[in-house]
Every structure is written in structure tokens, then in C-alpha cells.
Amino acid sequence: MELMAKIAFVVYTLLVLGGGCFAVGAHSLVRAMVGLITSLLGVAGMYMLMAAPFMAFMQILIYVGAVCILMFFAIMLSRADAHGVESGSRRPGKALLSALAFISPVFVIGWVIVNYQPESISIPLEVPLEVLGKGLLDNYALAFELISVVLLAAMAGAVLLAFDKKGRAAE
């Protein structure tokens, strides 16, 4: 069972990192969104490994199902120019700096973890969904409502981007 968890961890890690690299390196915004969705699905898998299926479901529902779809609408409505900034050629110096910026924290964090291993923590108790739901709506109602404000702001931003691009295209 532990071997399967390690294999799943590697698969989810590859999804997160591969999706992120694909999102950063994609020439097309739609392909970058596919990379972002892949990365977010890998994060949801990590939540499943941490025995938090509710968080995994919320990750998929909110980020993949809502925010990414809104970004897709903004991309589709904005009609990005085919000869825009992102369509230019890539310079190898910037790619090398990007790789260095990605790899250096990995080595630093890896060195710290190997040399100063943290004490393991106990597994938190499993919280039933009813208690979690009551906690979200009673104790954390403000944070729960702030999430809806973030989604509303993302939706308004998508609409504003679409109107701004359409206005420039009409001129």
C-alpha cells in the first residue's frame, strides 16, 4: 500500500510540474490553460493522498470548474492577436534564467530538508463533512463569502477583458 502511495505521489508531482512547465512554455493561451488545468488536477490528487477528498473535490470544482472556465471564456472573447507579444521567438538566455529560477529553490529546499529533517507530525483526525460544512458556514462564513467575491472578481475581469479587446478591435 505504501508503494502505491509513493507511485501516486510521483504521478501527481509529475502532473503538477509538467502542467506548470507546459503552461509557462506554451505559445498559445489555450494550451497554457490546459497546462494549468493539468497542474491543478495534480494538486487535487495531492489532496487525495493527504486523505482530504473534500478539499480535492473543492479544488476541482472551484479552480478547474469555475476559475479556469472563466479564463477560457476571457481568452475566447478577447480574440488575442496572433502576432502578439507571446508569439515572438524565444531567446535561450531567458529560458536558461527561467530554468535556473525554477531549479535553484528546489535544490535549496531539498538541501534544507535533507540536512534539517523536520519532526513528523501526527495525522489529523478525520472531520465529518457535516461538521466541516457547519464550521465553514458558522465560524468561517466571512472566508467562505470571500471565495465567492474572488470568483465574482474573476468573472467581472473576464467580462472587462472581453469588452476592452472588442472595443480596440472595433476602432
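Contact here means heavy atoms within 4.5 Å, and the description that follows applies this criterion to a predicted model. In this model, local features require a pLDDT of at least 70 and side-chain atom pairs count only at pLDDT 80 or more, whereas totals for chains, interfaces and linings use all residues. Residues are numbered from 1 along each chain as its sequence is written, and side-chain values use heavy atoms, with hydrogens and water left out.

The chain averages a pLDDT (the predictor's confidence in each residue, from 0 to 100) of 82, and 87% of the residues score at least 70. Confidence is highest in helix α2 (residues 29-49), at a mean of 92, and lowest in helix α6 (residues 141-170), at 76. Where pLDDT is low, the predicted coordinates should not be read in detail.

The chain has six helices and zero strands, these elements being DSSP runs numbered from the N terminus (helices H or I, at least four residues; strands E, at least two). From the N terminus on, the order of elements is therefore α-α-α-α-α-α. Of the contacts between residues at least 6 apart in sequence, 65% join residues at least 24 apart.

The axes of the two helices, which are lines fitted to C-alpha atoms over the stretch in contact, with angles running from 0 to 180 degrees between N-to-C directions, come within 8 Å and cross at roughly 175°. That crossing makes α2 roughly antiparallel to α3, under a convention in which angles under 35 degrees count as roughly parallel, over 145 as roughly antiparallel, 65 to 115 as roughly perpendicular and the rest as oblique. The residues of α2 that meet α3 include Leu 29, Met 33, Ile 37, Leu 40, Ala 44 and Tyr 47, and those on the α3 side include Pro 53, Gln 59, Val 64, Cys 68, Phe 72 and Met 76.

In soluble globular proteins, nonpolar side chains tend to be buried together. Not counting residues up to four places away in sequence, Val 64 touches Ile 37, Leu 40, Leu 41, Gln 59 and Ile 69. Gln 59, found in α3, is buried, with a relative accessible area of 7%; leaving aside neighbours within four places in sequence, Gln 59 is in contact with Leu 40, Val 43, Ala 44, Tyr 47 and Val 64.

Ser 39, placed in α2, counts as buried at 13% relative accessibility and, with neighbours within four places in sequence left aside, is in contact with Leu 15, Val 16, Gly 19 and Gly 20. Leu 49 also lies in α2 but is partly exposed, with a relative accessible area of 35%. Beyond residues up to four places away in sequence, Leu 49 touches Ala 5, Ala 8, Phe 9 and Tyr 12, and the C-alpha atoms of Leu 49 and Lys 6, which are 43 residues apart in sequence, are 9.5 Å apart in space.

Lys 6 also takes part in the one salt bridge that the structure holds, a salt bridge being a side-chain nitrogen of Lys or Arg within 4 Å of a carboxyl oxygen of Asp or Glu. The partner of Lys 6 is Glu 2, and the closest N and O atoms are 3.5 Å apart. Both residues lie in helix α1 (residues 2-25), four residues apart, about one turn of the helix, and Glu 2 counts as exposed at 58% relative accessibility.

In the loop between α2 and α3 (53-78), Ala 51 has a positive phi of about 60° although this residue is not a glycine. Ala 51 is exposed, with a relative accessible area of 62%.

How values were computed
Buried < 20%, exposed > 50% of the residue type's maximum accessible area, 1.4 Å probe, protein only.
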